[in-house]
Each structure stands twice: as C-alpha cells, then as structure tokens.
Amino acid sequence: MWLIKLAWKNIWRNRNRTLISMSAIFFAVIFSVVANSLWKGTFGALIQNLVGYYSGYIQIQQAGYWDEQVLDNSLEWSDSLKAEISGENNIDALSPRLESFALMSSGDITKGCLVVGIDPMRESEVTQLQERLKKGRYLESGDQAILLTEGLAEQLQLSLEDTVYIIGQGFHGATAAGKYPIKGILKYGAPDLNNRLAFLSLPAAQELYGAENRATSVVISLHDQNLLEETVLGLKKRLDSGLVAMTWKDMMPEIVQHMKTDHFTMQIIQYLLYLLIAFGIFGTLTMMMVERQFEMGMLIALGMKKGNMILLMVIESVFTVITGCLAGLAASIPVAFYFKNNPIRFGGEFGKAYERFGFEAVMPGSTEPGIFWSQGLIVLCLGLLLSLYPLYKILRMDPVKAMRR
Amino acid sequence: MRGNTSQVEMNIKTIRPSWSREMDLRVWSKGNDFAMILIQSPARDRGITFLKRGKEVWNWIPTLEKTIKLPPSMMSQSWMGTDFTNDDLVRESSVIRDFEHSLGTDTLILGRPCHTIWMVPKPEAAVVWGKLMVCIDKKDFMELHTRFYDEEGQLVNIMNAYDPALLGGRLIPTRFEIIPVEKRNQKTEMRYKKVVYDQPIADGFFSINNMKNIR
C-alpha cells in the first residue's frame with residue numbers, strides 16, 4: 001500500500017516529466033487511430049465507389065448466369081422475390097436489371113453495346129446513375145427512350161433526340177429489334193463502360209428482348225458494408241435453390257487481389273508507425289531513467305529492496321501508460337469523426353486520376369469502433385512492454401555508480 | 001429440293017433443354033444466288049424478311065422500318081435463334097464443283113439403301129467445313145443423313161432427314177433435324193408444309209424494296 005502512495009507522490013513530484021511520458025503515449029494513440037481510421041475509411045470509400053459504379057455490393061442471379069451471361073439464364077422478377085430479398089436486414093436498396101448485348105446502329109454506323117433495362121429510380125438509389133447524367137434528362141419508369149453513354153454516342157455520331165436502332169437476340173431465341181429516341185447522355189470515367197453502356201426502362205427492355213417479367217440480376221446496396229458476408233449468408237438461406245447471391249468480391253476478384261496487395265503495403269507502413277511510436281516512448285523512458293538515476297541509487301543504498309523498487313516503477317508506468325492511452329482515445333474520437341465528416345481532399349495527379357473515374361478525390365475517416373479499441377490496446381501493450389526497460393535498468397543498478405555525479 | 005425456282009412453306013422448331021420455339025416461314029429461291037425468307041409467325045417476329053443476293057444477306061425488320069445488311073461479324077451467329085447460322089443462308093458452294101468426292105461403305109437409312117459419299121472441299125473453295133459425310137438414297141437420290149466435320153476432323157453437326165413424301169410433284173424428305181453435337185438436348189427441326197417447284201420468279205422479286213411488300 002505504501003508503494004502505491006509513494007508511486008502517486010512520485011508521479012506528482014515532477015509533473016512535467018510525467019506529462020511528457022503521458023503525452024508520448026497520448027500522441028501515439030492519436031496517430032495510430034487517425035492513421036488507421038483514414039486508411040480504413042479510404043478503403044471503404046473506394047469499395048463504395050467501385051460497387052456504386054455498376055456491380056452493387058450483392059447481386060442476385062439465376063444460377064449459371066455469371067458463367068454464361070445470356071438472357072436464357074435470366075430469373076423471373078416478381079413481387080414475392082422482391083419481398084423476400086427486402087426481408088433481409090441490412091438491405092438498403094435493390095434494383096432489378098435486364099441486360100444483354102446487342103448491336104446498336106445510327107443508320108450508317110453499327111456498334112456492339114450492352115443494353116441494360118433498369119427501374120430508373122431504384123437503379124439510381126443503388127448506383128447513383130442519375131448523377132452520371134451529362135446532357136438531357138433522366139429516364140422515367142416506362143419510358144420508351146434510351147440513355148446512351150458518352151463514348152457510345154460519340155462513336156455512333158448521335159446526340160440528344162436522335163434515334164438509335166437496336167438489334168440482337170432476345171429471350172429464348174426471340175428477335176430483339178427496336179428504335180428509341182436518345183433522352184440523355186451519361187458519362188462514366190472507365191472507358192470500357194463509357195463506350196458500351198445504354199439504358200432503357202425495364203419494361204421497354206423486357207419488350208425489346210421478349211422477356212416479360214424477367215431480369216438478369218437484382219443489384220443490392222447495403223446499409224453497412226462490413227456486414228456483407230452475414231447479409232449474403234442470410235440471403236442464401238432465403239432464396240430458392242435456383243438463385244445465387246454474389247458479392248462484389250465474387251464478381252470483381254481482380255479488385256480484391258489488388259486490395260490485398262495494398263493492404264499488405266499499408267500493414268508495413270503501420271508497423272513502421274508503431275516502430276516510430278515505440279522509439280518516442282522509449283526516448284522519454286530513457287530520459288526519465290537518467291534523471292532519476294541518483295534518486296534510485298540512493299533509495300537502494302538506503303536499503304530499499306530492488307523488488308519493491310521494481311514494483312514501484314511498474315505501478316508508475318501502468319498509471320502513466322493507461323492514463324495516456326485513455327486520454328489519447330478520448331482525443332482521437334472527435335478527430336476521427338471530424339475526418340469522417342470533413343474528408344481530406346487530395347489534388348495532384350492522383351486526385352485527377354480519381355476524378356477521371358468519377359470518384360471523389362477524398363480520404364474520409366472511418367469511425368468503426370474496432371479501430372479505437374484495437375489501436376488503443378496496441379499502444380497500451382507497446383507502452384507496457386517498453387516500461388520493462390526501467391525494470392531491467394534497476395535490476396542491474398549499482399548504487400555507488402548510480403550516485404556518482 | 002434445289003430446283004431452278006422453289007417456293008416453300010415450312011415450320012422451324014428450335015429445341016433447347018429448357019424451352020422450344022416455333023416459327024412459320026415462307027421461302028422463295030431461285031438458283032443458288034437468290035432467296036427470300038419471310039417470317040409469318042410468331043406474331044412479334046411477323047414480317048421480318050431476309051434476302052439473300054449472292055454473298056449478301058439483307059434483313060428487313062418492320063419494327064425498325066429498316067433494312068440492315070448483315071455485317072460479316074454476324075454471319076457466324078445463330079439465325080433467328082436456331083442451330084442455323086446466318087452463313088448457312090448464303091453458302092453458295094457447289095456440291096459438285098467445290099468438293100473432292102469419294103465413296104464410302106453403303107448403308108441403310110429409313111429402310112432405304114444409301115450411298116455414303118465423303119466430300120472434302122477443294123483448297124480454293126470457300127467452305128467452312130473440313131469434310132462432310134453425305135448419305136444419299138440409291139433409288140430416289142434423297143439426302144437422308146449428313147455429318148459436318150470441322151477442320152480438325154471433329155464432328156460438329158448432324159443432319160437427319162425423315163418422312164419422304166410427294167411434295168410439289170417430287171419425292172423429297174419433308175422433315176429435317178439439325179443436331180449440334182457438342183450441345184446436349186439441343187436441335188432444330190424443319191418441316192416442309194407446301195412446296196411449289198419451277199414456277200417462274202422474276203429477278204426483280206429478290207430486291208430490297210420488295211422485302212417490305214411481300215406477305
């Protein structure tokens with residue numbers, strides 16, 4: 001008990017020193033939390049951008065459609081299926097699509113394109129399609145008009161109110177042929193989408209392809225993307241055996257691969273950060289030991305057992321480290337929330353590349369609770385581990401040498 | 001079947017593992033160079049017309065009010081969802097001129113003794129197949145069975161003919177099926193309903209303008 005009293009007195013004896021030790025821990029926690037929060041947040045935003053581009057977080061498809069993307073592998077789109085999917089928690093919005101390749105002609109020029117039938121309002125909830133509108137007006141449900149991507153319109157040398165002809169093969173061998181006025185021009189950053197996408201309203205596409213009440217996929221967006229796997233499992237249980245739920249990870253494996261590489265790089269950077277933090281803390285500890293060498297030497301010379309002295313130091317360190325950690329966490333929470341609400345904008349080449357793809361060039365913070373406790377815990381362990389150093393010093397302390405000035 | 005001119009009414013049934021689809025159509029043809037195909041049913045395809053002139057195929061689509069010349073890239077694609085390709089419409093190779101022939105062992109099809117003839121295209125001939133095996137009835141010279149091989153010698157398609165009957169004054173098979181070998185449970189069946197041979201048709205009938213008018 002007297003040790004705790006002594007430790008308490010020691011802590012307050014030289015306030016500045018204690019404050020320096022605490023602030024080393026304090027800033028270490030803030031740094032690692034904010035770095036982690038920005039990193040996770042940026043990745044989250046990147047995923048959101050990617051899936052919001054076209055694929056959505058999850059797609060429901062007829063089994064076999066992914067391997068052979070033809071209308072004959074489409075699913076029956078019904079209210080009961082809609083209800084079944086919406087019944088799952090975490091579903092933010094869902095949108096049916098009927099898509100198939102067809103030839104599009106302006107009269108003289110013919111191009112291959114992907115004609116997608118959409119429910120305009122729902123689609124915009126999932127992929128923000130309406131925001132890609134560059135010219136003209138957006139589709140309304142039941143419209144007998146078409147939205148072309150910019151590149152496709154350019155290649156066909158068409159603009160608003162011109163007519164495009166579509167010809168292709170429909171459902172079960174039906175002939176797909178139709179002509180539509182261009183109602184709007186959309187812009188995608190990715191050239192492969194910008195040069196070949198065209199959107200009709202779902203009923204118009206179903207009529208064109210002779211595929212009444214059918215859809216090739218149902219695109220889903222989520223409230224919380226961290227619960228992706230749970231939601232897919234839930235959907236799989238609900239759906240008929242003929243239907244499959246695919247995540248964006250299944251549909252874009254190359255992106256997942258890329259992220260894994262990036263993840264690895266970030267991990268190395270993070271380890272470097274921890275190393276930096278460790279040296280910072282270690283520096284204050286060394287300073288403290290040098291400062292208190294005489295004091296400790298004298299205590300030992302007066303007959304204080306080394307075991308008691310070690311215990312004293314442990315109590316002091318635990319108190320400093322925990323206080324520093326808690327203060328750091330408390331301070332980092334508003335910082336992370338600030339970055340979440342006011343993302344860092346970046347410019348330069350990288351920013352431009354981002355914007356060319358229609359992504360916002362920002363680094364938002366993430367406020368996922370896991371970040372706080374995991375980073376807090378890591379710095380705490382780091383601090384406690386480093387405070388073993390004074391203990392080692394005490395063990396090897398020779399009071400005569402220590403008191404020599 | 002390949003008289004100087006012919007007019008045929010037929011039904012084509014596309015059979016797939018999970019669905020099937022029927023079409024009624026009329027075909028006018030003259031020699032090897034001219035052919036006109038008019039789809040009469042199903043209703044949503046009614047009035048679609050194909051015109052073959054030499055190596056070109058034109059397609060009139062009433063819903064588009066447009067005539068389209070099929071681009072070369074589409075020639076190898078399925079014709080109206082069947083197991084025929086667009087290329088099958090324009091193939092103008094001559095059975096006599098473009099092939100080297102050799103006799104194989106005789107066989108019996110539909111109870112009729114048949115010659116088996118192996119046909120290998122001459123190097124300069126524009127034929128997509130590597131070789132053909134054709135079985136021809138010895139008495140009435142009907143082509144009852146054909147096997148289509150690709151250039152690697154793989155069997156690709158089988159054609160069977162059935163139900164020989166008198167149509168338009170000639171004994172011809174009136175039902176055919178085309179079976180793509182690599183696709184399971186999939187074939188196209190063709191049934192002749194009415195045939196008229198050698199009724200003169202003017203060349204002007206096979207014009208792009210006329211595609212819109214024929215019924």
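**Exercise 1. How many residues of chain B are in contact with chain A, and how many of chain A with chain B?**

Solution. The model is predicted; local features need pLDDT of at least 70, side-chain atom pairs count only at pLDDT 80 or more, and totals for chains, interfaces and linings use all residues. Residues are numbered from 1 along each chain as its sequence is written, and chains are lettered from A in the order in which they are written.

Step 1. Contact requires that the C-beta atoms of two residues, placed from the backbone, lie within 7 Å.
Step 2. By this criterion, 14 residues of chain B touch twelve residues of chain A.
Step 3. The chain B side consists of seven nonpolar, three polar and four charged residues. Here Ala, Val, Leu, Ile, Met, Phe, Trp, Tyr, Cys and Pro are nonpolar, Asp, Glu, Lys and Arg are charged, and the others, Gly among them, are polar.

**Exercise 2. Describe how the domains of chain A are placed.**

Solution. Step 1. The assignment, which is automatic or from a database, gives domain 1 (2-51 + 256-403) and domain 2 (64-240) of chain A.
Step 1. Their C-alpha centres are 50 Å apart.
Step 2. Six residues of domain 1 of chain A are in contact with five residues of domain 2 of chain A. On the domain 1 side, α2(A) gives the most, with three residues.

**Exercise 3. At what angle do the axes of α2(A) and α10(A) cross?**

Solution. Step 1. Helices are DSSP runs (H or I, at least four residues) and strands are runs of E (at least two), numbered from the N terminus. Helix α2 of chain A covers residues 15-55, and helix α10 of chain A covers residues 253-291.
Step 1. Axes are lines fitted to C-alpha atoms, for helices over the stretch in contact, and angles between N-to-C directions run from 0 to 180 degrees. These two axes come within 9 Å and cross at roughly 175°.
Step 2. The helices α2(A) and α10(A) are therefore roughly antiparallel, a term for angles over 145 degrees.
Step 3. Among the residues that meet are Ala24(A), Phe31(A) and Trp39(A) of α2(A), and Leu273(A), Ile277(A) and Met288(A) of α10(A). By class, this contact has 14 nonpolar, four polar and two charged residues.

**Exercise 4. Is Ile85(A) buried or exposed?**

Solution. Step 1. A residue is buried if 20 or more other C-beta atoms, placed from the backbone, lie within 10 Å of its own, exposed if 12 or fewer, and partly exposed in between.
Step 1. Ile85(A) has 20 C-beta neighbours inside 10 Å and so counts as buried.
Step 2. Ile85(A) lies in helix α3 (residues 79-86) of chain A.

Conventions: Angles under 35 degrees count as roughly parallel, over 145 as roughly antiparallel, 65 to 115 as roughly perpendicular and the rest as oblique.
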